[in-house]
Amino acid sequence: MTNELQLVDAAKAGSRKAFADLVESYRVRLLRFLLTRCASHADAEDALQDTFIAAYRYLHSYDPRWRFSTWLYRIAIRKVQKIRQENVVEIGDLSDEEGDPLLHCMAASETENLWVSARRILNDDVFAATWLRYAEDMSINDISKALDRSDSWTKVNLLRARKALGAEMNRETNGNEAYG
Amino acid sequence: MDKLAKQLKDDAARIDVHISDEFDRRMAASLEGIMPEVPDAPRLRQRPAAFWWASSLTGVAAALVFIAVINTHSEGEVTPVVSPPTSPVSMATIPTIDWKAESAMLTRPLQRELEDLQADLKKAEEKVKKEIGL
């Protein structure tokens with residue numbers, strides 16, 4: 001974390017190398033998240049690129065009281081929203097698995113990946129909150145900041161998401177046992 | 001970490017992400033092409049020195065014009081006014097005006113009104129003197 005703050009400070013001071021290191025450390029994590037939110041791989045890459053460009057451009061406005069990842073994810077969520085508003089095709093409209101970037105990034109044997117179910121069950125913001133909590137280990141407070149929501153909203157919806165996903169996981173487990 | 005959290009963490013890691021070299025090049029080119037915005041520091045509005053010179057000279061010029069105008073007007077007043085020579089005017093040339101007015105004559109009612117007013121004034125004076133204990 002300290003190293004990350006040093007990189008941020010160096011990037012603020014004008015070091016492109018420091019910002020390139022930040023990009024290197026976050027690009028895979030961010031792209032993985034963006035693939036769950038965008039309608040195509042190209043959209044996810046565009047959103048990733050826009051996120052880093054915006055982060056670099058407005059780095060002076062970054063408040064070190066936030067975690068850098070929180071700030072970055074907040075930008076990424078806004079970029080995804082913008083891209084999805086511009087595009088007509090929504091994730092829910094994708095009929096074939098070939099077009100879904102998330103399914104494209106999974107092996108055929110991993111179709112039971114819980115995040116695919118999560119995306120089907122949960123709405124966008126609740127999905128993002130769940131991802132930030134369980135895939136990124138973010139605190140409730142950081143998730144609230146990233147999503148621009150209240151802490152109570154985050155707590156309540158994470159609890160609901162847990163219940164829904166727990167039921168889904170049990171259903172899949174029981175189904176596999178029944179048919180296995 | 002409970003079972004659900006572990007499952008979610010593992011499943012997230014299983015999403016295979018590959019970043020192509022082409023994307024890396026595109027990203028690097030994009031970042032090269034932009035400059036970070038500099039925050040707007042609260043800076044004093046400094047005007048160039050020429051501004052101060054120009055305003056000073058304008059003020060001095062205005063003062064000089066004002067003094068010149070005042071002096072011009074003063075010299076005009078000092079110039080003696082030549083009055084035409086006076087000559088006696090004959091009374092015959094002055095027309096007589098018939099005012100058709102008469103002096104007012106006091107009639108009895110007005111005289112009585114005056115006496116009543118004087119009587120009221122005297123009463124008021126006595127009342128005041130009485131109230132203040134004289």
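# Close-up views, one by one

Two residues are "in contact" here if their C-beta atoms, placed from the backbone, lie within 7 Å. Before you look further, keep in mind that this is a predicted model, where local features need pLDDT of at least 70 and side-chain atom pairs count only at pLDDT 80 or more, while totals for chains, interfaces and linings use all residues. As for labels, residues are numbered from 1 along each chain as its sequence is written, and chains are lettered from A and ligands numbered from 1 in the order in which they are written. Glu136(A) sits in the loop between helix 7 and helix 8 of chain A. Helices (H or I, at least four residues) and strands (E, at least two) are DSSP runs, numbered from the N terminus. Is Glu136(A) buried or exposed? Glu136(A) counts as buried, because it has 20 C-beta neighbours inside 10 Å. The rule: 20 or more other C-beta atoms within 10 Å of a residue's own makes it buried, 12 or fewer makes it exposed, anything in between is partly exposed, and the C-beta atoms are placed from the backbone. Follow the chain back 107 residues from Glu136(A) and you reach Arg29(A), with 8.4 Å between the two C-alpha atoms.

**Two aspartates with a positive phi.** Most residues other than glycine have a negative phi. Asp137(A) isn't a glycine, yet its phi is positive, at about 55 degrees. You'll find Asp137(A) in the loop between helix 7 and helix 8 of chain A, where it counts as exposed because it has 12 C-beta neighbours inside 10 Å. Asp148(A) also has a positive phi, near 60 degrees. That one is in the loop between helix 8 and helix 9 of chain A, and Asp148(A) is exposed too, with 11 other C-beta atoms within 10 Å.

**Helices 6 and 7 of chain A, from the buried side of things.** How many residues of helix 7 of chain A are buried? Eight of its eleven are, which leaves this helix mostly covered. Among them are Val126(A), Trp131(A) and Tyr134(A). In helix 6 of chain A, the buried residues are Leu114(A), Trp115(A), Ala118(A) and Arg119(A). Look down the axis of helix 6 of chain A and these buried residues fall within an arc of 140 degrees, so they line one face of the helix. That arc is taken from the directions from the helix axis to the C-beta atoms. A handy rule: an α-helix has 3.6 residues a turn, so residues three or four places apart point the same way.

**The largest nonpolar core.** A nonpolar core is a set of buried Ala, Val, Leu, Ile, Met, Phe, Trp, Tyr and Cys residues joined through C-beta atoms within 7 Å. The largest one has 46 residues, and Leu30(A), Leu34(A), Leu72(A), Ala76(A) and Leu132(A) touch the most other members. Elements giving two or more residues to this core include helix 4 (68-86) and helix 7 (124-134) of chain A, and also helix 1 (3-14) of chain B. Helix 2 of chain A gives the most, with nine residues. Domain 1 (1-105) and domain 2 (110-180) of chain A both give residues to this core, so it lies between them; the domain bounds come from an automatic or database domain assignment. Now zoom in on Ala76(A): leaving aside neighbours within four places in sequence, Ala76(A) is in contact with Leu30(A), Phe33(A), Leu34(A), Ala47(A) and Thr51(A).

**Tyr58(A), in a loop of chain A.** This tyrosine is found between helix 3 and helix 4 of chain A. Tyr58(A) counts as partly exposed because it has 14 C-beta neighbours inside 10 Å. Tyr58(A) and Lys12(A) are 46 residues apart in sequence, with 9.4 Å from C-alpha to C-alpha.

**Where chain A meets chain B.** Chain A puts 30 residues into the contact and chain B puts in 22 residues. On the side of chain A that touches chain B, helix 2 (16-35), helix 3 (41-57), helix 6 (114-121) and helix 9 (151-179) of chain A each give two or more residues. The largest share of that side, eight residues, comes from helix 2 of chain A. What kinds of residue are on that side of chain A? There are 19 nonpolar, four polar and seven charged. Ala, Val, Leu, Ile, Met, Phe, Trp, Tyr, Cys and Pro count as nonpolar, Asp, Glu, Lys and Arg as charged, and the others, Gly among them, as polar.
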